[in-house]
Amino acid sequence: MNLEILGIVVLWTFLFGYVIVASIDFGAGFFNAYSLIVGKQKILTNIIQRYLSPVWEVTNVFLVFFFVGIVGFFPKTAFYYGTILLVPASFAILLLAIRGSYYAFETYGARGHKGYSFMYGLSGLLIPASLSIVFTISEGGFVSLVDGQPVLDYWTLFKSPLTWSIVLLSITAVLYISSVFLTWYANKAKDVEATALMRKYALIWALPMIITASGIIVELRGHNLEHFNRMIDLWWMFGLSFLLFLSTVWIIWNRRSYGLAFVLLVGQFALAFFAYGISHYPYLLYPLLTIYDSFTNRAMAISLVVAFIAGLCLLLPSLYLLLRLFLFNKRYVRGDSDYHP
Amino acid sequence: MLNEDALFYSRVLTELTLSFHIIYATIGVGVPLMIMIAQWVGIKKNDEHYILLARRWTRGFVITVAVGVVTGTAIGLQLSLLWPNFMELAGHVIALPLFMETFAFFFEAIFLGIYLYTWDRFENQRKHLLLLIPVAIGASFSAVFITMVNAFMNAPQGFEIMNGELVNINPLVAMFNPAMPTKVAHVVATAYMTAAFILASIAAFRLLRGSNHIYHKKALFLTMKLGLIFSIATAVIGDFSGKYLAEYQPEKLAAAEWHFETEENAPLILYGVLDDGEVKYAFKIPSALSILAHGFPSSEVVGLDQFADDEIPPLSIHYMFDIMVTIGVWMVILSLVFWLGTRRGWAFIQTKWYRWLIVLGGPLSVIAIEAGWWLAEVGRQPWVLRGVMRTAEAATSSNQVDKMLILFAGLYLILGIGSIVVLSRMFRRNPVEREIEDRKAEKGGATS
Ligand code: HDD
Ligand code: HEM
Ligand code: HEM
């Protein structure tokens with residue numbers, strides 16, 4: 001494996017980590033707001049707060065890691081994506097900032113009111129939608145070079161069905177991932193009511209999720225044939241991913257082990273995410289930028305890899321500790337003891 | 001191709017974001033150390049008051065960290081959005097500390113989550129204190145790493161440019177550049193100093209507002225003592241920063257000191273205003289600049305006459321320098337007098353007006369931080385990477401920067417007001433006196 005591929009695999013893996021943990025977070029906010037509207041708030045709030053409070057900052061760092069890492073490994077992306085993403089990325093930052101800080105204000109500070117929960121829930125859908133635009137842009141066709149400067153064509157982007165199908169997928173995936181996870185979490189907390197409600201949501205969102213996901217493959221055929229063909233070459237990965245999807249739904253339907261269901265779901269998304277990534281290779285931005293012509297120099301690449309390995313040795317035990325104390329600690333999850341600051 | 005508007009608004013937006021972020025970042029670097037010290041003193045003296053102090057500081061800290069995290073995420077992305085050409089070059093040479101910073105964030109975030117939710121989980125308080133060490137280390141190291149990046153911008157090295165190509169890149173040489181030692185030390189010391197004085201302000205304010213509880217007195221004495229130590233460190237390292245400038249960035253020092261002609265026995269100009277290139281109403285201390293720059297009255301200090309007109313930084317940074325140094329010296333005196341007075345039993349340090357001066361100390365320290373950064377960053381102009389890339393060449397070509405500026409200004413306004421409101425409400429609703437009573441009741445038998 002050469003350094004370019006090693007670099008992109010590391011970054012892609014962290015991006016995948018962000019997709020999963022952030023989806024849980026965003027979806028939880030949405031379900032919380034929704035349950036408030038339909039008057040079922042009591043059921044969910046506790047569960048959601050218990051999970052989110054200790055981890056929201058860690059979620060954010062996954063994202064920071066990705067965008068700092070990509071500029072490190074592939075400095076030219078700063079030039080291309082930095083120039084064109086000013087507006088979409090600024091909106092995403094804005095939403096992330098409001099969401100993150102008001103979560104903290106609300107949880108650790110003073111209780112707010114309903115309008116706030118509603119905004120919080122809504123931002124959970126708008127953020128994935130705005131971040132997902134980057135995937136659309138990377139497929140090419142929206143960026144042209146004018147006097148050597150990349151320029152984004154907003155109107156074409158807005159009109160493209162590909163844009164909207166990716167936005168839809170991001171939303172349905174957030175809701176599906178989040179509801180499967182929360183089913184498991186509520187079950188661990190022995191909260192029968194919440195488990196039943198989240199299970200229902202999981203089953204509701206399974207179908208739209210898989211339809212929108214398949215829709216993208218169809219859309220790509222019209223938009224970027226080269227990418228489409230490479231995806232077809234990887235049909236077995238997508239096939240396997242689909243089988244995992246069916247198993248997850250089957251398990252939840254039959255109320256078997258929700259933990260296993262969540263593990264299978266992570267497998268499903270991992271397979272699809274990496275199959276998408278591999279078929280995108282070697283382009284970072286069709287057809288202007290590949291991982292080869294944007295790669296950093298050898299000295300920097302090696303030092304980044306060394307720093308990464310050292311960092312991982314520090315990180316993995318700490319993450320394990322966090323999960324053990326909060327996610328897998330029965331007493332904490334059930335809320336038997338109150339460990340408030 | 002140069003886009004003047006984009007350049008101008010990118011600068012304003014960068015200035016705005018960094019000036020806002022640095023307030024919360026400084027608190028984020030300094031306060032964990034203060035919490036750690038308070039909790040440690042509490043354990044050692046077996047004094048509930050210090051433990052409670054640590055606990056209440058932690059609660060406030062969570063709010064400021066949250067704003068630090070979200071504004072930090074903003075600046076991290078904005079660097080690529082507003083300065084794509086700079087980041088492309090920086091990515092090649094100085095990405096290493098930037099990357100290591102994210103690990104420091106990770107480390108801090110994980111352990112902060114654990115620390116917050118395990119207050120009463122351990123029988124032995126020492127174990128709980130152990131969890132705070134990674135938080136403090138992570139916070140301080142994020143400052144160390146990001147400051148290394150900034151030091152590189154002032155004294156770039158570890159690469160060569162041949163025919164427009166970057167060659168001979170050495171990330172470690174880039175990281176350990178000549179600006180690094182003084183810059184990192186000064187930034188970290190000022191963060192500790194500022195955190196101590198902000199916490200002292202709060203304690204003094206509670207005392208002024210009629211609460212005469214011993215809790216606040218202990219808090220005030222502890223924080224002023226820490227403030228004294230770190231303000232002395234700040235001044236000493238600040239002196240070294242000046243010597244660094246004389247050696248490696250003489251144009252910045254010369255502009256900051258209004259030192260126009262290269263000469264020996266150079267005088268130090270304090271305060272004053274610049275009127276048509278003429279210095280008015282200033283104090284002049286003979287030979288002091290030579291001493292400051294090189295340690296000897298007879299040494300020669302390079303003046304602005306040695307530089308091309310378009311490479312001289314704005315002369316207004318002199319005011320920033322004055323503000324920073326005045327506040328630095330003032331805070332050393334204020335905390336020294338307080339410390340001596342407490343030990344010797346001088347009555348006037350208990351008076352209202354003295355406490356008001358302490359209350360002012362927190363905001364003043366923040367102003368010094370801002371002035372210091374403006375001095376350092378504006379003093380680097382017109383370069384973004386000194387001697388290598390001009391700020392004008394680094395900016396984005398996008399036409400939307402002005403709208404983004406309005407958007408972010410609104411965001412920071414909301415965040416600033418929000419954090420102040422939440423913090424003050426949080427502590428007003430749960431005053432110390434009540435919490436001390438509650439804790440006593442808890443200990444008395446009933447377990448929660
Ligand atoms: C509480 C804040 C504070 C206080 C009291 C001081 N400083 Fe400072 N100073 C900073 C906060 C700061 C800073 C914000 O941390 C800066 C901005 C960039 C940097 O490296 O540190 C800085 C920069 C800075 C620089 C420019 C370094 C460069 O551009 O590379 C010099 C020469 C000094 N300081 C010198 C001093 C002296 C002689 C002080 C006398 C007491 C002093 N500072 C007090
Ligand atoms: C947090 C403390 C910092 C503050 C308050 C700060 C403040 C400023 C200010 C006021 C300017 C504008 C100078 C001018 O336009 O005349 C500036 C420029 C700049 N700073 Fe810093 N800075 C800080 C740290 C950093 C660091 C650590 C980096 C790099 C990682 C950085 C990157 C830049 C860039 C790219 C510019 C160019 C924009 C310009 O010159 O206007 N800054 N900064
Ligand atoms: C010397 C000036 C700076 C200091 C002392 C500083 C320090 C900090 C601190 C203490 C935090 C909170 C981290 C946490 O609690 O997890 C933070 C957040 C952050 N800072 Fe700054 N920072 C500075 C300037 C900058 C600059 C110029 C950048 C841009 C490269 C930056 C990027 C970030 C990011 C991305 C975060 C969010 C990290 C997260 O998500 O946890 N900082 N910074």
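A residue counts as near a molecule or strand if one of its heavy atoms lies within 4 Å of it. By that rule, 23 residues surround ligand 3; the closest are A:E57, A:N60, B:H21, B:G72 and B:E108. This is a predicted model, in which local features need pLDDT of at least 70, side-chain atom pairs count only at pLDDT 80 or more, and totals for chains, interfaces and linings use all residues. Residues are numbered from 1 along each chain as its sequence is written, chains are lettered from A and ligands numbered from 1 in the order in which they are written, and side-chain values use heavy atoms, with hydrogens and water left out.

Stay with ligand 3. Its surrounding residues come from chains A and B, so the site is shared between chains. Helices (DSSP runs of H or I, at least four residues) and strands (runs of E, at least two) are numbered from the N terminus. Two or more residues of this shell come from each of α2 (41-73) of chain A and α1 (4-45), α2 (48-82), α3 (84-116) and α4 (125-154) of chain B. The largest share, eight residues, belongs to α2(B).

Next, the polar contacts (pairs of N or O atoms within 3.5 Å; within protein, one must be able to donate a hydrogen and the other to accept it, and residues adjacent in sequence count only if both atoms are side-chain atoms). A polar side-chain atom of A:N60 sits 2.8 Å from an oxygen atom of ligand 3. The side chain of B:E108 places an N or O atom 2.9 Å from an oxygen atom of ligand 3.

Now move to ligand 1. Here 26 residues form the surroundings, and the closest are B:K183, B:H186, B:K252, B:M324 and B:G372. A polar side-chain atom of B:K252 lies 2.6 Å from an oxygen atom of ligand 1. B:K183 also has a polar side-chain atom facing an oxygen atom of the ligand, at 3.2 Å. The elements of chain B that give two or more residues to this shell are α6, α7 (214-248), α10 (317-344) and α11 (352-378). Of these, α7(B) gives the most, with eight residues.

What coordinates the iron atom of ligand 1? B:H186 (NE2) and B:M324 (SD) do, at 2.1 to 2.5 Å. Donors here are N, O and S atoms within 2.8 Å of the metal (3.2 Å for Na, K and Ca); water is not among the atoms, so sites may look incomplete. B:H186 lies in helix α6 and B:M324 in helix α10 of chain B, so the pair ties together parts 138 residues apart in sequence. Both B:H186 and B:M324 are buried, meaning under 20% relative accessible area (1.4 Å probe, protein chains only).

Follow α6(B) itself. Of its 29 residues, 23 are buried. At 1.5 Å a residue, helix α6 (residues 180-208) should span 42 Å, and its end C-alpha atoms are 42 Å apart, which agrees. The expected span is 1.5 Å times one less than the number of residues. Just after α6(B), B:G210 takes a positive phi of about 95°.

Finish at B:R380, in the loop between α11 and β9 (383-385) of chain B. B:R380 is buried, with a relative accessible area of 4%. Its side chain makes a polar contact with the side chain of B:E377 at 3.1 Å. The side chain of B:R380 also reaches the backbone oxygen of B:V384, at 3.2 Å.

Methods:
Buried < 20%, exposed > 50% of the residue type's maximum accessible area, 1.4 Å probe, protein only.
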